[in-house]
Amino acid sequence: MMNVKNVKEMETILSEVCKKEIEQCSYEELYTALLGIVEEESKKHVMDVKGRKLYYISAEFLIGKLLSNNLINLGLYENVKACLEAHGKSMADLEEVEPEPSLGNGGLGRLAACFLDSLATLNLPGDGIGLRYHCGLFHQKFENQCQSETPDFWLGGDEWAKKTEKTYTVSLAGEDYTARLYKLAVTGYEGRTNYLNLFDLDTVDSSLIKEGISFDKTEIAKNLTLFLYPDDSDDAGRLLRIYQQYLMVSAGAQMILEECKERGSDLHDLADYAAIQINDTHPSMVIPELIRLLGEEGIEFEEAVEIVTKVCAYTNHTILAEALEKWPKQYLDTVVPQLVPVIEKLDELVREKTEDDSTAIIDESEIVHMAHMDIHFTHSTNGVAALHTEILKNSELNHFYKLYPEKFNNKTNGITFRRWLLKCNPELTDLIESLIGPGFKKDAAELEKLMDFAEDEKVLKQLAEIKHDNKVALAKWLEHTQNIVVNPDSIFMIQSKRLHEYKRQQLNLLYLIHQYFEIKEGHLPNTPVTAIFGAKAAPAYTIAKDIIHALLALSKVIADDPEVSQWLQIVFIENYNVTAAEKMIPACDLSEQISLASKEASGTGNMKFMLNGALTLGTMDGANVEIAEAVGQENIYIFGQSSDQVIRTYGHSDYCAKEWYETDPNIKRAIDFLTGEEMLSCGRQDKLERLKNELIGKDWFQTLPDFNAYIVRKDQAIADYVQNPLDWTKSALVNISKAGFFSSDRTIAEYNDDIWHLGE
Ligand code: 26V
């Protein structure tokens, strides 16, 4: 094997693999060749596992495109780039050939991907376990200002996940299915190679998909891994979720036991060989499944429970009741009858331990509470930001905390700087490296050294130029991919995240309507404003789709009005995904993190924007609290109710949206506009009325009480941006230099020290 770390030799290898001169190669051919080279190279970094190995089980892994990331991690990126450029080719064009893997939805899935990167980078033995969805999350399209969904056929070309001969038999509703293992190499930055293990059925058949993303939900052999989060608004859909989850955990558990036995475990000592992290409740059935499998291996129930509790740990990612999974026992009787006796015995154990019914696994209505099983039968329950963990301990999971104070711990989320700085913002990376050297790439805390340059006007100017370049690049990308023209000299305010009422894209919407009125009345903003959104709404989530509709309709109202459009533009990016995020985040001036305090467990987009020099406009929620602590009040725009206030209001059930609507003329004006003639000329009456009624009649996430504070803070931010550009950039620099804490390397080191103890 030649040395691919040398440009000349890389050229030779590439043209040998492609069997022609690089100039003559298509990007598809180059992509295939490089995929092979990366594969060979990553194999060299596979290491023996000693001691405990982690298995991170998750329904989602939002990994993003892999070629550039792997090249960076393997130290090949610069060579490949130089080699392509020498032959008239560009890395950017090459990247476009790769389809983005569709294996995740939002923060929970992206976190899993960042964790895999950090595990491999820190040389820790840790694999992922998940499902190989054929169409993953849907592809989002906008038609007539509405979201529509189509299948995202991302498989089919050259794939990173390699089919193996390894299969496991999984019994679903009494029938045997064969789960096949696919393995995807996870490269660490100058680190080891681990794997993401993805299970699938050979029988899955995408010709089952009919109109949009609908399909026959009962044809399990053909549909099981078609989509991530298939519609669960009916029984068949909810049963399908259980089929999916059990396939993942049963095949995963069998693989784990097999690997550990091969490494010498007699299963009684499983905890010396394996640590399993349960990512939210989707993989919770791994607990009874492992107990069942250990039983088959001759281990008594009590001991099996003890072993599994020692091996498993659980992460909670949300306090929203609807996201804490609960299944009617009947569903489990249908799909996984073999688990039901185990779950019933676990429920009995809990009843022996406590009389508090609120912590039961199976409640009096025969509903099985997955999170309850997780907390009782794992040794660790963690929240994902300091505030979130406190809320779990003191309110949402207080009864559990009283039972097991020692199990509760916090692990504030993090992001991998390889993808969210090195890969997505090379210009900024180079500047940082020129100022403080390359150490920050592996030790993010070194970013703090940038504080030495906080008063250095030359550096601040360079930083401002890089931001501007990234805005120009985003503008070009928007024009090229979505045919949208934006003004890079305007302020870019970005809100990109799953669409959910608690994240309050509707608050941003009301602000933009307010701004529209202000401009109409001659109160012009200090600078032209571009409000950028990226968000997918769950297909059955009606109000979320109405919010998208209202934003798209408003965007058109404004675009059609030259008086307003020179000052204000709304851009909603279609099919927001990791690739889009990589373009948007480096170009952002103001990062919108405006969830109702107490509701956003952590947020991780907030960290990505901060790292790339955006200032945050946010509530004291999730990790915003820690960001605010790190940068100081003078470098962040905080507004709105506190989480304590919000929790109190919910406790009293005395929030009345209508009162706010009726007593505050600004609020009334903005809400009424939703069904005024301008909006109706661009949007649909039924949807706009429904949204208006929701805001006046319910507003469950208390948009209205924060409305005025939001306007004041946001207008302040815009004024500062224009009036004191140097101070603004200084704040950006402070944000970058304080971002080190939010590296997922730090998070993973904490998980390892407190929960996993890998390799020991
Ligand atoms: C939500 C949904 C919504 C629609 C359809 C299906 C579905 C399935 C699961 C969920 C729960 C998602 C949980 C989640 O993503 N939580 C996020 O986790 C991040 C990583 O810890 C955290 O930063 C975010 O605050 C939290 O919302």
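Modeller: The account below begins with the ligand and its contacts and then turns to one helix and one lysine. The model is a predicted one, and what follows should be read accordingly.

The ligand is surrounded by 16 residues, and the closest of them are His317, Asn413, Tyr502, Glu600 and Gly603. Sorted by class, this shell is made up of seven nonpolar, seven polar and two charged residues. In His317 the side chain is involved: one of its N or O atoms is 2.6 Å from an oxygen atom of the ligand. In Gly603 the backbone is involved, with an N or O atom 2.8 Å from a ligand oxygen atom. A polar backbone atom of Leu108 lies 3.4 Å from an oxygen atom of the ligand. Of the 590 Å² that the ligand exposes when taken alone, the protein buries 87%.

Helix H12 covers residues 340-353, 14 residues in total. From its first C-alpha to its last it reaches 20 Å, close to the 20 Å expected at 1.5 Å a residue. Its buried residues are Val340, Val342, Ile343, Leu346, Asp347 and Val350. Viewed down the axis of H12, these buried residues fall within an arc of 160 degrees, so they line one face of the helix.

Lys163, by contrast, belongs to strand S5, which comprises residues 161-172. Lys163 is exposed, its relative accessible area being 52%. Between Lys163 and Tyr751 there is a separation of 588 residues in sequence and of 31 Å in space, C-alpha to C-alpha.

Note on methods
Residues are numbered from 1 along each chain as its sequence is written. This is a predicted model: local features need pLDDT of at least 70, side-chain atom pairs count only at pLDDT 80 or more; totals for chains, interfaces and linings use all residues. Side-chain values use heavy atoms; hydrogens and water are left out. A residue is near a molecule or strand if one of its heavy atoms lies within 4 Å of it. A polar contact is a pair of N or O atoms within 3.5 Å; within protein, one must be able to donate a hydrogen and the other to accept it, and residues adjacent in sequence count only if both atoms are side-chain atoms. Accessible areas come from the Shrake-Rupley method with a 1.4 Å probe; for residues, only the protein chains shown count as cover. Ala, Val, Leu, Ile, Met, Phe, Trp, Tyr, Cys and Pro count as nonpolar, Asp, Glu, Lys and Arg as charged, and the others, Gly among them, as polar. Helices (H or I, at least four residues) and strands (E, at least two) are DSSP runs, numbered from the N terminus. The expected span of a helix is 1.5 Å times one less than its number of residues. Buried means under 20% relative accessible area, exposed over 50%, partly exposed in between (1.4 Å probe, protein chains only). The arc is that of the directions from the helix axis to the C-beta atoms.
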